Structure formats: C-alpha cells, structure tokens
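Hi everyone, thanks for having me. I'd like to walk you through one protein model today, piece by piece. Please have a look at it first.

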Amino acid sequence: MEKLALFGGAPVRTKPFPKWPRFTEALKNNLIYTLEHDLWGVGSDAISRFEKAFAEYHDAKYCISTSSGTTALWVALKAAGVKAGDEVIVPPYTFIATASAVLMANAIPVFVDVELDTFNIDPERIESAITEKTKVIMPVHIAGNPAQMDKISALAGKHGIAVIEDAAQAHGAEWKGRKVGALGLGGIFSFQTSKNMTAGEGGAIISDDQEFMDACFAYHNCGRVRGGKWYEHQHLGGNFRLNAMAASMLTTQLQTLEQEMQLRDRNSARLDEALTEIPGLTPVKTYPETTRVAHHIYLARYDRSQFHNIPREKFFKAMQAEGVFTYAGYPPLYREKLFVTDAEEYPWLQNINYREMYFPNTERIANEEAVWLKQNHLLGTEEDIQDIVDAFVKVTNVMRQQPELFE
Ligand SMILES: Cc1ncc(COP(=O)(O)O)c(C=O)c1O
C-alpha cells in the first residue's frame, strides 16, 4: 500500500493546476483598443457590444451589464417589484449574496432546503413556503448545474410569483436546450474573478421582458429612466454600471467560452467515470432535462460510512497533501452572523430567528458531504485529470484499508 503524502509519502502531484483567470493576447488587444479608442463607461461601444452579444449567447432578448452579481441581484429584485417586508424564496446552500441581496432589498429571505443529490433547491418543498407575501422564487443553478426549472416555473405560474434565476455560476448552462437566465422573468450572472467568464468583477441581468429590463435600467443607473434627462431621477437606484474595459474583456471571453466549456465537459465526465469506481465518493446529479452544465465547481458527495467514519476534513487534508485541493465550500447560510439583525434596522425581520433554523439536507451537505474542486482543475490535460483521479484512489484506498492511521 502506497504511503500517503500526509504521512510522509511522495505526493501524487507537485505541479500547479491550470491558472485562472487566463491571459490571452486577444484580451490584451481588445482592452487596449477600448482604452485608446472608446469611451470608458456610459455610452461606450464596448458595453453595448457586450450586452448584445451576451443576450444573444444566452438566448435572451435583453441584457444589462452591472458592476457585480450582487448588484445585479438587488437590481433584479427591485425591478421585479420586491418591497419592504416581501418574501423571496432562496436555497440556504449558496453564496451569501443570494440571500444578502434580498436583505438589501428590504425583503425577507425564506429558505427552502436543497436536494441531497443535486445540491439545488428542492422544488417539492417550495409550495409550502409560499405565502401571500412571496414575490419571487430565486433558484440558484449551483455550481452551474441547472435547478429544476420546469417545476419551479409551474409553481410560480400557479401562484403568480416571479422567477429570478441566480445564474451567477452558470454561464452557458442549458435547460432543455435553452440557455439559463431568461427562463423566468429574468436572471443574473457574476463575472467575479473565480467565475467561468470574468473581468475581475462584473455582473449582468438578462430577460425577455422589456418592462422588467426598463426597471432594471433605472435601478442600476441612479434611478434614471430610459430616454430621460441625465439629471432626472425617478427611482431610488444606484450606480451599479459595468465599465467599458471590463465589457471588452467579457466580449473577448465569449469567444473562448465554448472551447473551455467543452474541455470542462470532457474532464468532468472523466472524473464522474472515475468516481463510479470509488464507493463513498459520488458526483452530484443533474436532471434529465439539463442539456448542459457549466461546471463552475466540480461537486461530489463524501459518504463517511464507506470510510470507517473518518470525517471529511481528514480526507481533505490527505487530498491536499497529495497536491489536489479539495475543500468543503459553503456553510448553511442561515448560520451566518449577519442574520442576527437589529429589529430597529429591519423591523420586518424581528419575528424571524434564522439562527434557530435547521435544514437537514443543507446541514448534511455543508457539514459532512460536499467535496469541492475548483473549475480551473477542469481546464487541464488528460494527465492533469489522471493525477486528480490517482489522488482520489490513493487516499480512499488507504482510508478504507488503514483507517487507524486517521485516528
Ligand atoms: C450563487 C451566487 N450568487 C451571487 C453571487 C454574487 O456575485 P458577485 O460576487 O459578482 O457579486 C455569486 C458569486 O460570487 C454567486 O456564486
């Protein structure tokens, strides 16, 4: 039996995995072109070119670029008509912005547990969370793996509620052959550094609904209305606009996205296949209706009962020592300190005790099962992927056969 690097053996991998974000000459050239020849902000060709290209790529009629995914969420919620004290249904297993944007819109995040096998919001649990105050259901396509949009849309339709997709991690993902983001009223994307398309920071809202997008325009642009005067502010909005340099980088990355997606598809499939041979490590599932996953994070489940109850954190330590950085990811959102709110500041939250909430699937995923691998690992060669597989196999074999080493 090979000696684990954790216990002084040779690591499987000493080389770094592919770097992200990726520099290209095209990025540099287009950025310099924008700097030299275009406006740097409002009115630039680079911004309108990006918005047009991103809407088209995502099978949507309209796109408004924003300064971040978080600001896109706030803008979209406001534009969907969310008002103080309204409720927005969100999963508790996601990045904090999904819920904090709801708080920032003076609304109430209502958590609905996720499914164990997809880590996505459980559509079967949504209806019982709907009240007369529910304005929006906000599914998150977690790790770029689409949520169950048919069931969510049907429920939203039945109750007259809007669906805003948090597609921050889902560039290029598809539900029944259509790209995500504008499947409901609208959706948002993030272009923060880790994302599969990035300008360092940035975001976008897409939709087919002109009225909604007109409202988004106002909220992201200091409350100005389309066609209005520069100093005329009809809503309480902010400056949440993207700059032209970022837009030029994003348009350039749209050219390489498909190629990178194909590589992530291939490499994820290789990892999925390898994990079928390792009892106790299971890739998350996708729905049959999902025609493309964006693979923003490679997600699997760790079943400690298959490894003599060795806790997941010890598995992570052993994997990290082998040169493959796997980690736990999100805690349950409702445990975050920010949910201990001041009743004077947020009177509509005063009867809600988030710290006492308990969503069993979220707890199990966050505390025991989730295994994360960042998307840059999926941009490697077959040999890179083989190193990841070898590390999984080596570590799990030792855990299974020499559990006493982990005591
Ligand atoms: C699911 C989700 N929603 C929202 C956001 C917020 O995006 P940003 O970091 O661009 O504000 C992110 C990313 O960070 C995210 O992963």
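Before we start, one definition: two residues are in contact if their C-beta atoms, placed from the backbone, lie within 7 Å. Keep in mind, too, that this is a predicted model.

Let's begin with the overall layout. The chain is split into domain 1, residues 25-253, and domain 2, residues 255-406. Taken over C-alpha atoms, the centres of domain 1 and domain 2 are separated by 25 Å. How many residues of domain 1 are in contact with domain 2? There are 38 of them, and they meet 36 residues of domain 2. On the domain 1 side of this contact, at least two residues each come from α4, β3 (108-111), β6 (174-175) and α7 (244-276). That side of domain 1 is made up of 17 nonpolar, 14 polar and seven charged residues.

Now for the ligand. Its shell has 14 residues, and those that come nearest are Ser 68, Gly 69, Thr 70, Ala 168 and Ser 190. Two helices, α3 (69-79) and α4 (97-104), each give at least two residues to the shell.

Next, some strands. In a regular strand the side chains alternate between the two faces of the sheet.

Who are the partners of β2? One is β3, which pairs with β2 in the parallel sense over four bridges. Within that pairing, Val 88 sits opposite Pro 109 of β3, and Val 90 has Phe 111 as its bridge partner. To get from β2 to β3 the chain passes through α4, and this β-α-β crossover is right-handed. β2 also pairs with β4, residues 134-137, again in the parallel sense, over three bridges. There, Glu 87 stands opposite Thr 134.

β3 has both faces covered as well. Ile 108 and Val 110 are buried on one side, Pro 109 and Phe 111 on the other.

There is also an open sheet of three strands, with the order β7-β6-β11 and antiparallel pairing. Why is one side of β7 (178-179) and of β11 (290-292) left without a neighbour in the sheet? Because β7 and β11 stand at the edges, each with a single partner strand. β6 and β11 are joined by two bridges, and in one of the pairs Trp 175 has Thr 290 of β11 as its bridge partner.

Let's move to a helix, α6, residues 210-220. Eight of its eleven residues are buried, so α6 is largely enclosed by the rest of the structure. Among the buried ones are Phe 212, Met 213, Phe 217 and Tyr 219. What do the buried residues of α6 pack against? They pack against β1 (62-66), α3, β8 (186-190) and β9 (203-207). After α6 comes Cys 222, with a positive phi near 60 degrees.

I'll finish with two single residues. Gly 144 lies in the loop between β4 and α5 (149-159). Is Gly 144 buried or exposed? A residue counts as buried if 20 or more other C-beta atoms lie within 10 Å of its own. Gly 144 has 27 C-beta neighbours inside 10 Å, so Gly 144 is buried. Leaving out residues up to four places away in sequence, Gly 144 touches several residues, including Gln 169, Ala 173, Val 293 and His 295. Gly 144 and Ile 297 are 153 residues apart in sequence, while their C-alpha atoms are 7.5 Å apart in space.

The other residue is Lys 3, in the segment before α1 (25-37). With 13 other C-beta atoms within 10 Å, Lys 3 is partly exposed. Its contacts, apart from neighbours within four places in sequence, are with Gly 8 and Gly 9. Lys 3 and Val 398 are 395 residues apart in sequence, and 8.2 Å separate them in space, C-alpha to C-alpha.

Methods: Residues are numbered from 1 along each chain as its sequence is written. This is a predicted model: local features need pLDDT of at least 70, side-chain atom pairs count only at pLDDT 80 or more; totals for chains, interfaces and linings use all residues. A residue is near a molecule or strand if its C-beta atom, placed from the backbone, lies within 6 Å of it. Domain bounds come from an automatic or database domain assignment. Ala, Val, Leu, Ile, Met, Phe, Trp, Tyr, Cys and Pro count as nonpolar, Asp, Glu, Lys and Arg as charged, and the others, Gly among them, as polar. Two strands pair if DSSP finds at least two bridges between them. A crossover is right-handed if, with the strands pointing away from the viewer, the path from the first strand over the helix to the second runs clockwise. A residue is buried if 20 or more other C-beta atoms lie within 10 Å of its own, exposed if 12 or fewer, and partly exposed in between; C-beta atoms are placed from the backbone.
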